[in-house]
Amino acid sequence: MARHNSHAEGVVYKKQIGTYFVHTADGDVTCSISSRLRKELVYPIADKSSLPHQRVQKVNDIHMVDPVAIGDCVKFVIAEDGTGMITEVLPRRNKFARSAAGGKTLEQVIAANVDQMVLVFAATLPDPQWNLLDRFLVTAEEAEIPALIALTKLDLVPPGMFDDVMDEYRALGYRVVQTSTVDGTGIEEVRAELKDKLSVLVGKSGVGKTSLLNAVQPGLGLRIGEVSKALQKGKHTTTHVEMIPLDFGGSIVDTPGMRQYAMWDVDDGDLAYFFREMRPYIGTCRFGVDCTHRTEPGCAILRAVGAGKISERRYKSYVRMLE
Ligand SMILES: Nc1nc2c(ncn2[C@@H]2O[C@H](COP(=O)(O)OP(=O)(O)O)[C@@H](O)[C@H]2O)c(=O)[nH]1
Ligand SMILES: [Mg+2]
Ligand SMILES: [Zn+2]
């Protein structure tokens with residue numbers, strides 16, 4: 001392995017409190033983090049003056065937020081005992097984040113340099129909540145992470161039941177797979193979509209995430225489940241996160257306990273920008289960029305909804321997210 005004090009670079013694939021497992025071209029190294037780096041990178045992202053007093057005092061929370069995420073590319077030095085000390089986190093291509101426990105003061109990065117978010121919804125049991133899908137898509141747009149929509153349990157609904165809705169999302173440029181672990185529908189397609197990518201799995205409990213992963217690769221759902229359990233027990237949800245490798249290339253990060261509305265929020269004024277089909281109209285309303293696209297006269301987005309160029313369903317999701 002590398003020599004004493006030599007610099008090396010790798011990708012964080014697993015972490016536990018204070019310990020990071022880094023994958024390098026020469027093998028895996030267990031690392032800690034330099035205190036300088038911890039101080040430098042851990043900071044509250046909100047303006048303190050705008051927050052209630054007691055929140056500002058929760059300094060402990062600040063120390064709990066981890067500056068290094070799964071997927072981060074890091075530089076480290078190797079000590080004589082073979083362990084590493086992370087000295088630098090290289091710039092992130094993107095990040096999958098949520099607000100940390102204790103309010104919106106802090107951002108917790110779950111995974112960095114993510115290739116896609118896989119948004120899992122069931123065709124039924126539970127019935128799909130399209131407004132929740134739209135919410136996830138806004139999160140993906142905001143984070144600049146490509147999204148893959150996976151609609152599961154296809155065997156439980158009449159053939160083609162959701163083709164129209166799925167085509168609507170395809171028309172917006174999102175990739176869609178429809179699957180069933182009972183008859184094998186779409187599983188090969190899911191494999192192809194996951195291959196050689198770092199995917200973050202998002203979806204409520206019961207939608208079929210574990211079953212889908214097991215169908216993709218035997219035992220995979222179980223491995224993810226074990227990490228999830230450890231994660232849910234922990235007080236802070238990012239203390240133990242792990243990338244699970246795929247036999248055919250790529251890896252998966254699960255996001256258990258991710259409360260659907262606890263995802264990182266977008267400012268109301270920016271929301272329309274994250275609905276792809278609304279983007280071209282922004283700034284063209286009578287009230288320009290001040291338009292909220294709800295009731296204003298001369299609103300270009302309302303006009304586009306009326307003309308059938310923007311779906312009413314997606315528009316309703318937009319309005320609901322503003323509320
Ligand atoms: N009929 C049918 N049931 C499924 C399918 N996928 C998952 N299920 C069932 O849905 C339930 C929840 O699945 P699970 O994979 O545990 O969901 P998770 O909570 O998202 O991991 C289980 O009873 C599964 O057997 C599917 O494609 N078809
Ligand atoms: Mg599960
Ligand atoms: Zn408008």
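Trainee: How many helices and strands does the secondary structure of the protein chain come to?

Mentor: The model is predicted, and its protein chain has 323 residues, of which 36% are buried. Among contacts with a separation of 6 or more, 64% join residues 24 or more positions apart. The secondary structure comes to ten helices and 14 strands.

Trainee: In the open sheet of six strands, which are the edge strands?

Mentor: The open sheet has mixed pairing and the order S10-S9-S8-S11-S14-S13. An edge strand pairs on one side only. This applies to strand S10 (175-178) and strand S13 (244-245).

Trainee: In S14, which residue is the bridge partner of isoleucine 244?

Mentor: S13 and S14 pair in the antiparallel sense over two bridges. They form a hairpin with five residues between them, and glycine 249 in the turn has a positive phi of about 105 degrees. In S14, the partner of isoleucine 244 is isoleucine 252.

Trainee: Which residue in S14 is the bridge partner of leucine 201?

Mentor: S11 and S14 are paired in the parallel sense over four bridges. Along strand S14 (residues 251-254), Ser251 and Val253 point one way and Ile252 and Asp254 the other way, and all are buried. The partner of leucine 201 is aspartate 254.

Trainee: At what angle to S10 does helix H5 run?

Mentor: Helix H5 comprises residues 163-171. The helix lies across S9 and S10. Its angle to S10 is about 155 degrees.

Trainee: Which helix gives the largest share of the shell around ligand 1?

Mentor: The ligand is surrounded by 15 residues, the closest being Thr181, Gly208, Lys209, Thr210 and Ser211. By class, the shell has three nonpolar, nine polar and three charged residues. The largest share, three residues, comes from helix H7 (residues 209-216).

Trainee: Is the peptide bond from leucine 125 to proline 126 cis or trans?

Mentor: Most peptide bonds are trans. Proline 126 is placed in the loop between S8 and helix H4 (130-143). With omega near 0 degrees, the bond from leucine 125 to proline 126 is cis.

Trainee: Is glutamate 144 buried or exposed?

Mentor: Glutamate 144 is in the loop between H4 and S9. Although not a glycine, this residue has a positive phi of about 60 degrees. Because 10 other C-beta atoms lie within 10 Å and the cut-off is 12 or fewer, glutamate 144 is exposed.

Trainee: And is aspartate 196 buried or exposed?

Mentor: Aspartate 196 lies in the loop between helix H6 (187-194) and strand S11 (198-202). It has a positive phi of about 65 degrees, although it is not a glycine. As 11 other C-beta atoms lie within 10 Å, aspartate 196 is exposed.

How values were computed: Residues are numbered from 1 along each chain as its sequence is written. Chains are lettered from A and ligands numbered from 1 in the order in which they are written. This is a predicted model: local features need pLDDT of at least 70, side-chain atom pairs count only at pLDDT 80 or more; totals for chains, interfaces and linings use all residues. Two strands pair if DSSP finds at least two bridges between them. Two residues are in contact if their C-beta atoms, placed from the backbone, lie within 7 Å. Axes are lines fitted to C-alpha atoms, for helices over the stretch in contact, and angles run from 0 to 180 degrees between N-to-C directions. A residue is near a molecule or strand if its C-beta atom, placed from the backbone, lies within 6 Å of it. Ala, Val, Leu, Ile, Met, Phe, Trp, Tyr, Cys and Pro count as nonpolar, Asp, Glu, Lys and Arg as charged, and the others, Gly among them, as polar. A residue is buried if 20 or more other C-beta atoms lie within 10 Å of its own, exposed if 12 or fewer, and partly exposed in between; C-beta atoms are placed from the backbone.
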